[in-house]
Amino acid sequence: MILSDRDIREFIRLGKIRFDPEISDDQIGPGSVDLTLSNRFWKLRDDVKIIDLAGMAFGDIVEEIVADELIIPPHGLVIGMTRERIYVDEDVCGWIEGRSRYARMGLAIHSASGFIHPGSCNHQILEISNLTPRPMKLRAGMRILQIVFELTRSRTTKPYKIHGVVARDQ
């Protein structure tokens, strides 16, 4: 069952969904919550010529950038994250999606990691792609994505905040 704005507000009131920092009421839409972009980004290092998926880790190929504005080159990729840390209870999960107003201008928000596991407590990491032949500017604080919440049939026995390897560090 996907949560409506009424459900989302009730789950926030009950503490089943939490945001740090807290969101404003105008971020809650009919069936989703708009989230904002932080000022932390990672981009591919210029000296990496070939990405060996079997022999390299994420930290081997990227450099972190802290900036209020960032230009994504044509057909480029940067990794970003939400400003908000999101907590969902053990019987709530979610999906992140790009907002259509930006998708129509060629911005893709994630390529594979759109699912928020039950029991998560972390920032969402975003694979942000510029699908256009022109440079694109991002600004920290932009509401470039939304999260849709869903209730699971039962509580998980493996909350992601405990069992997720990367999640414990975000």
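1. Val62 touches Trp42, Lys43, Leu44 and Arg45, leaving out residues up to four places away in sequence; contact here means heavy atoms within 4.5 Å. Val62 sits in strand β4 (residues 62-66), where strands (E, at least two residues) and helices (H or I, at least four) are DSSP runs numbered from the N terminus. Val62 is buried, at a relative accessible area of 12%; buried means under 20%, exposed over 50%, and partly exposed in between (1.4 Å probe, protein chains only).

2. A word on the basis for all this: the model is predicted, so local features need pLDDT of at least 70 and side-chain atom pairs count only at pLDDT 80 or more, while totals for chains, interfaces and linings use all residues. Residues are numbered from 1 along each chain as its sequence is written, and side-chain values use heavy atoms, with hydrogens and water left out.

3. Do have a look at the nonpolar cores (sets of buried Ala, Val, Leu, Ile, Met, Phe, Trp, Tyr and Cys residues joined through side-chain atoms within 4.5 Å). The largest has 31 residues, and Val33, Leu107, Ile128, Ile144 and Phe149 have the most contacts inside it. Apart from that core lies another, of 6 residues, including Trp42 and Val48. Setting aside neighbours within four places in sequence, Val33 is in contact with residues including Ile8, Phe19, Ile28, Ile147 and Phe149.

4. Next, Glu150, which belongs to strand β12 (residues 145-151). Glu150 is partly exposed, with a relative accessible area of 25%. Its side chain makes a polar contact with the side chain of Trp95 at 3.0 Å; such a contact is a pair of N or O atoms within 3.5 Å, and within protein one must be able to donate a hydrogen and the other to accept it, with residues adjacent in sequence counting only if both atoms are side-chain atoms. Beyond four places in sequence, Glu150 also touches Met1, Ile2 and Leu3, among others. The C-alpha atoms of Glu150 and Ser4 are 9.3 Å apart, although 146 residues separate them along the chain.

5. Finally, the second largest pocket. Among its lining residues are Arg9, Ile17, Phe19 and Asp25. Elements giving two or more residues to this lining are α1 (5-14) and β1 (17-20), and β1 supplies the largest share, 3 residues. A pocket is an open set of points on a 1 Å grid over the protein atoms alone, where a 1.4 Å probe fits, with protein on both sides within 12 Å along at least five of seven lines; lining residues have an atom within 4 Å of a point.
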